[in-house]
Amino acid sequence: MTVAHQQEMRGIYNQMGDQAAEQYKSRLDNVSNQWMLATVASLDNRSREMISRIAATAEEKLREACGQVFEGVGESLRERLREMAQNLTPSTRAKSATGS
């Protein structure tokens, strides 16, 4: 009878141990999922901030480059117009003014 009682108690303890381990595993899974969600959310926020900063920097550099290009084109056009004006002789100017 004692042996049967000991076996029954071992069975109960084993069952309780299995249940405790399962509950612990379930809690670990929940905590792990929460940590992963928090980490993903944090990484998402950081990546959005970084992408915004990169985009702003790229936009600023693009504006600067375009400004320099247009400034260069404007200066080139002014220079060409000066050259054309200098190449006009007084007789060419007179012909243009009279109706050619």
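In this predicted model, Arg-82 is partly exposed, with a relative accessible area of 43%, where partly exposed lies between buried, under 20%, and exposed, over 50% (1.4 Å probe, protein chains only). Arg-82 forms a salt bridge with Glu-79, and their closest N and O atoms are 3.0 Å apart; the term stands for a side-chain nitrogen of Lys or Arg within 4 Å of a carboxyl oxygen of Asp or Glu. Residues are numbered from 1 along each chain as its sequence is written. Local features need pLDDT of at least 70 and side-chain atom pairs count only at pLDDT 80 or more, while totals for chains, interfaces and linings use all residues, and side-chain values use heavy atoms, with hydrogens and water left out.

**Salt bridges**

- Arg-82 and Glu-79 are 3 residues apart in helix H1, and are therefore separated by about one helical turn; Glu-79 is partly exposed, with a relative accessible area of 35%.
- Arg-78 forms a salt bridge with Glu-75, with 3.1 Å between the closest N and O atoms, and both residues lie in helix H1, 3 residues apart, which is about one turn of the helix.
- Arg-78 counts as partly exposed at 44% relative accessibility, and Glu-75 is partly exposed as well, with a relative accessible area of 37%.
- The side chains of Arg-48 and Asp-44 meet in a salt bridge at 3.0 Å, N to O, and because these residues are 4 apart in helix H1, about one helical turn separates them.
- Arg-48 counts as exposed at 54% relative accessibility, whereas Asp-44 is partly exposed, with a relative accessible area of 33%.
- A search of the whole structure finds 5 salt bridges, among them the one between Arg-82 and Glu-79.

**Fold and surface**

- The protein chain has 2 helices and 0 strands, these being DSSP runs numbered from the N terminus (helices H or I, at least four residues; strands E, at least two).
- Of the 100 residues of the protein chain, 0% count as buried.
- The protein chain exposes about 9400 Å², of which carbon and sulfur atoms supply 59%; accessible areas come from the Shrake-Rupley method with a 1.4 Å probe, and for residues only the protein chains shown count as cover.

**Nonpolar patch**

- Val-69, Phe-70, Val-73 and Leu-77 make a nonpolar surface patch of about 410 Å², and Val-69 is found in helix H1 (residues 2-87).
- Patches are made of residues with over 30% relative accessible area and no salt bridge, with like charges joined within 9 Å and nonpolar side chains (Val, Leu, Ile, Met, Phe, Trp, Tyr) within 5 Å.
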